[in-house]
Amino acid sequence: MIRKLIRRVFRRGDAPAAQATTAASIPVARHGIRRERVSTGARRTCETLQQAGHKAYVVGGAVRDLIAGIDPKDYDIATDATPEQVRALFRRSRIIGRRFQIVHVMQGGETLEVSTFRAAHNEDTVKDEHGRVLRDNVFGTIAEDAARRDFTVNALYYDPSTETVLDYHRGVADLQQKTLRMIGEPRARYREDPVRMLRAVRLSAKLGLTLDPAVRAPIREMAELMENVPPARLFDEMLKLLFSGHAVECVKRLRDDGLHHGLLPLLDVILEQPLGEKFVMLSLNSTDARVRAGKSVSPSYLFATLLWHEVLANWEIRKARGELLIPALYEAMDEILDVQGEKLAITRRIAGDIKEIWALQPRFDKRTGKTPYRLLELPRFRAGYDFLALRAESGEIDGEIAEWWHEFQNADADQREAMLLPDNGPKKRRRRSRAKKPSADQASAGSEG
Ligand code: ATP
Ligand code: MG
């Protein structure tokens with residue numbers, strides 16, 4: 001009993017500055033969010049919960065974005081109602097999650113994520129040997145819920161009925177002063193969850209915030225903790241960063257500090273090769289433009305571009321060793337995907353799509369006979385062609401090939417026939433060289449098996 005008491009007293013020492021128990025109540029005149037700007041679904045959900053006697057707030061990224069003048073992409077609701085109580089109040093809702101249950105509430109076309117206030121970490125929280133939090137699933141007070149969030153700008157609670165923001169950690173002031181500040185001690189918070197380093201970069205790029213020096217300083221030395229993050233989680237976070245609409249800015253910020261080392265293993269090498277960098281930046285730029293225009297983006301295409309120069313380098317080595325052209329490409333593709341797969345859980349389906357895009361590349365060289373027609377029929381042709389065009393734009397290959405394929409797609413039957421290159425050249429040459437240099441052929445055949 002006494003031991004427990006002592007532990008409880010000392011707990012405060014473990015998590016400095018995160019223990020605010022009272023909130024500033026910020027009126028609409030200072031934060032500017034009129035309830036009409038909040039989605040109908042979020043408003044209705046809060047209303048229903050409040051009418052049943054519960055507390056309910058719009059929380060997190062949505063409040064932050066609204067104050068910053070950005071349209072939130074989704075809404076999270078925080079409440080003191082338990083998941084079962086929430087579930088009982090909404091006909092179209094379901095409880096999801098194993099460790100910490102949350103409720104998805106459907107309102108019109110919207111899905112709201114409703115979570116019960118979560119308790120602060122304590123001595124019972126399960127962590128791995130590096131201090132990363134593995135399990136915690138206790139309900140708590142709103143103040144505890146606020147203290148667990150990562151950045152002050154993410155710990156704001158908006159009540160649509162009163163148009164007030166509850167602010168436990170001076171998040172509104174930080175947002176207005178354009179600073180990203182951690183709740184609590186940044187090193188301790190990165191140890192609990194290293195992914196917060198990536199979140200810091202992503203959110204600062206998205207909102208145009210400056211990283212508080214205390215948030216920024218430890219990243220370089222703690223980046224290696226990312227290695228302990230489960231690959232599936234890392235993959236999700238990378239996708240969020242790359243598809244944030246601010247990927248170029250994120251990468252720029254990471255590079256300015258040399259933070260891409262270790263944090264983004266797949267960018268390490270690429271960003272150091274001039275041609276690779278140009279290619280990756282072109283790809284990230286067009287991804288940003290598509291995201292901002294609300295167009296669809298494909299993870300496989302993006303990862304194919306990020307890893308292409310790795311594949312090229314590996315392929316070169318194999319070709320120099322005398323391996324056969326196409327088998328060497330396939331070996332290179334597998335090796336690069338295996339290496340990345342250890343850190344990022346690239347799903348099998350995405351890996352398959354990536355390989356299809358890569359495998360198409362040498363086939364674009366063949367502009368004779370039936371081959372071009374067959375390529376046009378392939379489901380991945382469009383992605384493969386876009387990829388080819390990007391290679392040309394980056395200077396990796398001659399622009400003429402990409403132009404040819406552009407024209408070929410848009411040509412009619414007669415024009416296509418006229419565009420085909422004569423079929424004799426390469427074959428004859430191959431026959432001749434075989435006759436002249438049997439040793440070279442033996443060498444490559446030998447290395448195949
Ligand atoms: P986005 O604009 O990408 O949605 P977000 O801040 O809303 O950004 P989410 O992943 O949707 O990001 O998280 C919602 C909220 O949950 C955050 O605003 C923050 O309060 C909290 N949160 C998310 N991830 C973490 C984390 N790793 N550590 C602590 N709090 C987190
Ligand atoms: Mg969000």
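How many residues surround ligand 1, and which are the closest? In this predicted model, where local features need pLDDT of at least 70, side-chain atom pairs count only at pLDDT 80 or more and totals for chains, interfaces and linings use all residues, side-chain values use heavy atoms, with hydrogens and water left out. Residues are numbered from 1 along each chain as its sequence is written, while chains are lettered from A and ligands numbered from 1 in the order in which they are written.

Ligand 1 is surrounded by 16 residues, the closest being Arg64, Lys73, Asp193, Arg202 and Lys206; a residue is near a molecule if one of its heavy atoms lies within 4 Å of it. By class, the shell holds 13 charged residues, three polar and no nonpolar (Asp, Glu, Lys and Arg count as charged; Ala, Val, Leu, Ile, Met, Phe, Trp, Tyr, Cys and Pro as nonpolar; the others, Gly among them, as polar).

Let us turn to individual atoms. An N or O atom in the side chain of Arg64 lies 2.8 Å from an oxygen atom of ligand 1, and one in the side chain of Asp193 lies 2.7 Å from a nitrogen atom of the ligand. For Arg199, the side-chain N or O atom is 3.2 Å from an oxygen atom of ligand 1.

At least two shell residues come from each of helix 4 (61-68), helix 9 (195-207) and helix 11 (231-242), helices being DSSP runs (H or I) of at least four residues, numbered from the N terminus. Helix 9 gives the most, with four residues.

Notes
A polar contact is a pair of N or O atoms within 3.5 Å; within protein, one must be able to donate a hydrogen and the other to accept it, and residues adjacent in sequence count only if both atoms are side-chain atoms.
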